[in-house]
Amino acid sequence: MTVRAGSAGWYLRRLSRMGPREVGGRVGDTVRRRRWRAAPPRCPAVTGARFTAVLPPGAVAAVPPDAAKRLVAEADRLMAGHGGYFGVDRDDLADPDWGYDPRTGRRAPRGYAFDVPYRDEDAVGDIKQIWELSRHQYLTVLAAAYAVTGDERYAERVAALLRSWWAANAPLRSVHWTSGIELGIRLLSWVWVRRLLDGWPGAAGLFEDNPVAREQIWHHQRWLAAFPSRGSSANNHVIAEAAGQAAAACAFDWFPASARWRADALRLLDRQLRGNTFLSGLNRELATEYHGLVLELGLAAVAEADAAGVPVPPTVRVVLLRMTDALAAVVDNRLRPPRQGDADDGHGLVLDGAGTDRWASLLATGDAVFGRLAWWPAVTGSDVRTPLLAALIRPYAKEATAPAVSRPASRPHHFADAGMTILRGPGEIWCRCDGGPHGFLSIAAHAHSDALSVEVRHDGVDVLADPGTYCYHGQPEWRRYFRSTLGHNTLDLDGADQSVSGGPFLWTRHARSRVLTAGTSEGGVARWCAEHDGYLPSVHRRRVELTAATGELRVVDEVRGPRRAVRLAFHLGPAIGADLVGNRARLTWTRDGEDRSAALELPAELSWRAHRGESDPPLGWYSPGFGRREPATTLVGTGVADGGQGFTTVLGFHG
């Protein structure tokens, strides 16, 4: 069944996931929007505005030369008008149409922001394509290039683009005023643009001495104060809103409400960081890219507060510390984290050029701010963002209000609250086992129907891969596939998903999982076992065993309950070649010029077929990033599960 966001059925399903307090808040929001249409708020007069949140001396000089070189190369590409977003190459970035979607060729209608049906691709276009450019993170790259080179061409281009955006997007008069996460991230970008342009003669005239800029900054903050994400929507969006509000109220503290906005935003950030993060340090959305986004946003907010001398609630730093340790614990030997849940390539703060490793950058910043532990993986490479953030954030060990925190003495392998277990074996074998909650809050917006799925890599190469996300809006059959149970390395019954979808960001019934065994090692065998109730009265139980001596991985699936049709899927990474004969597949790939191989023995009780790049319906795809997909082999076994029957899969690596 296709459920269209914005349809009457979708609204009813969405309403069913809200509590009374959230419903009341949303009613108040509706009343305020109508009032603002007739009488929009007015920016107060400001005199004597100054920007003092500058980088300390020597901060820019600390940027490693190779990171600066990548940055300048990216900035020059942007200066020529070229850039790519979500699989679409653009050549109009020197003077963009801020409401244009290059994927569909549509333009968002102008008018009162809250009248724009931004979820309707037929009316607006691909909203992700439209919004992404207006996060202004390519302007922070240009501004950073000015900071490291002193070349005023970069500063002048940033100024022209900002003035163009402000002229085209008057307060409350475009699609760019409809979503709080966009306003929050945009504010954070503007703070860093102003900081990085400090020293350019036109910086003050562009920002604090410019009434248009002051009005835009004030209206962004007034909007965020009025329309926070609420209740079942209080996920990474509310973190971005709070971080952007806190950053702007610290750096642009020019308005009568600045002190109140700053205090409210830091309290909200504290509460929501704790609410969005397990005690283990993993993000509750169980979508790894959002772990990275939230960590980036939190660090950026702390940087602004420290730069302004504003106290930060101590638990903010504690949560960010735990998130950093958790990230260090779950990455593979190439510093790649799990590909779990939704991923939309969202970043909190972008100061680097292409080729910079996002996760290595976050771990490098964590090292600078919190200090690395002995078991952390080695971080190679360099970035621009780390030395600049580290120049602003007070190190945790020197922060007087920071409470003592017990950090893991050895590398954690099991995160009980998140239901994630990482098994590691010889030859840099990495295996993620998923026995956690379906998702976060009542709608589990960024969850996939992936209970008991596994993800296996060998020396950083996806062997049994999580296919990814690909899209959010406008392509419902693809959104449905990449979220589906069939779209993950697990088992489905009767062709149904384990959890029930009510829309592209809404699940109306959540499968419940429980971990029975996690990482127990006996005789050199690491074991994991979990089950879920998504197919009641049947129960799917899965056991995974990884033998240290040989690197053999054994997966045993058991279905307890009545006779039902079963499909077992294994998605291979895009680099993996597969030769399937009967129930045996030979897997081959190349890593660093060396040929690698593995043998996959599949359950003989099922009938096996290989699928690759099929579109009707979708099957056999891998999404390396949002808006991009490429063919990959998926092995699907079909048959019948009858009375506790077990299905055993064995993956053995050669050499």
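**View 1. Helix α16 is mostly covered.** Six of the eight residues in helix α16 (385–392) are buried, where buried means under 20% relative accessible area, exposed over 50% and partly exposed in between, with a 1.4 Å probe and protein chains only. Helices here are DSSP runs of H or I with at least four residues, strands are E runs of at least two, and both are numbered from the N terminus. The model is predicted, so local features need pLDDT of at least 70 and side-chain atom pairs 80 or more, while totals for chains, interfaces and linings use all residues. Residues count from 1 along each chain as its sequence is written, and side-chain values use heavy atoms, leaving out hydrogens and water. Among the buried residues of α16 are R385, P387 and L392. The buried set packs against α8 (180–196), α13 (288–308) and α15 (358–370), with contact meaning heavy atoms within 4.5 Å.

**View 2. Here is an open sheet of five strands, ordered β3-β4-β5-β6-β7 with antiparallel pairing.** Two strands pair if DSSP finds at least two bridges between them. At the edges, β3 (414–415) and β7 (461–464) each have a single partner strand, so one side of each lacks a neighbour in the sheet. Three bridges join β6 (454–458) to β7, and R457 has D462 as its bridge partner in β7.

**View 3. The largest nonpolar core has 139 residues.** Such a core is a set of buried Ala, Val, Leu, Ile, Met, Phe, Trp, Tyr and Cys residues joined through side-chain atoms within 4.5 Å. Y138 and W192 are among those with the most contacts inside the core. Leaving aside residues up to four places away in sequence, Y138 touches several residues, including L78, W98 and L161.
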